[in-house]
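Please open the model in your viewer and keep the selection panel at hand.

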Amino acid sequence: MTSEIPIYEQLKQRIIEGIAKRELSTGEELPSVRQLAADLSVNMHTVAKAYAQLKDLGFLSVHRSRGAVINPESSYAANEEYLRQLTQMLRPYAVEALCRGVKAGEWLSICNDAFEGVMTKRSY
């Protein structure tokens with residue numbers, strides 16, 4: 001709650017991380033907007049915004065009867081457009097790192113460490 005990152009963004013990223021670590025699996029139902037908002041003591045619109053963005057990104061399906069459900073991996077697989085967006089998202093960090101004197105090898109090592117940090121925590 002004290003982070004500068006909006007709560008809906010924190011929630012969205014935590015759900016994506018849960019999928020990446022396989023803590024959340026295909027077909028798994030998430031709590032209703034109302035229930036999760038109550039559990040987290042946040043506004044329902046905050047949870048609804050996170051769920052809507054996750055739906056737009058392909059991570060969730062929203063069903064009237066089942067609520068928010070984790071989509072299969074094929075629904076959000078990396079494609080050319082995603083890889084282009086990923087490059088754009090990483091660019092500001094790369095630029096700042098370069099300005100701060102981070103060498104290319106260090107940058108790649110940091111990126112690799114972040115990626116491996118998630119991979120090693122995956123539940124199988």
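Colour the protein chain by secondary structure and follow the elements from the N terminus, where they run α-α-α-β-β-α-α, which comes to 5 helices and 2 strands in this predicted model. With the whole chain still in view, note that its C-alpha atoms fill a box of roughly 50 × 35 × 25 Å along the principal axes, and that buried residues make up 21% of the 124 residues.

Next, select helix H1 (residues 7-20) together with helix H3 (residues 44-56), whose axes come within 8 Å and cross at roughly 45°. That angle makes H1 oblique to H3, and the crossing in which H1 passes H3 is right-handed. To see how the contact is made, show side chains for Ile 7, Tyr 8, Glu 9, Leu 11, Lys 12, Ile 15 and Ile 16 of H1, and for Thr 46, Val 47, Lys 49, Ala 50, Tyr 51, Gln 53 and Leu 54 of H3. These residues divide into 9 nonpolar, 2 polar and 3 charged.

Now turn to the largest nonpolar core, which has 18 residues, and select those with the most contacts inside it: Ile 15, Ile 19, Leu 30, Val 47, Tyr 51 and Leu 60. The elements that give two or more residues to this core are H1, helix H2 (33-40), H3 and strand E2 (67-70).

Finally, centre the view on Tyr 51: which residues is Tyr 51 in contact with, leaving aside its neighbours within four places in sequence? They are Ile 15, Leu 30, Pro 31, Val 33, Leu 36, Leu 60 and Ala 68.

Technical notes. Residues numbered from 1 in each chain as written. Predicted model: local features only at pLDDT ≥ 70, side-chain atom pairs only at ≥ 80, totals over all residues. Heavy atoms only, no water. Axes fitted to C-alpha atoms, helices over the stretch in contact; angles between N-to-C directions. Helix = DSSP H or I, 4+ residues; strand = E, 2+ residues; numbered from the N terminus. Parallel < 35°, antiparallel > 145°, perpendicular 65-115°, else oblique. Left-handed = near helix turned anticlockwise from the far one by under 90°. Contact = heavy atoms within 4.5 Å. Nonpolar A, V, L, I, M, F, W, Y, C, P; charged D, E, K, R; others polar. Core = buried A, V, L, I, M, F, W, Y, C linked by side-chain atoms within 4.5 Å. Buried < 20%, exposed > 50% of the residue type's maximum accessible area, 1.4 Å probe, protein only.
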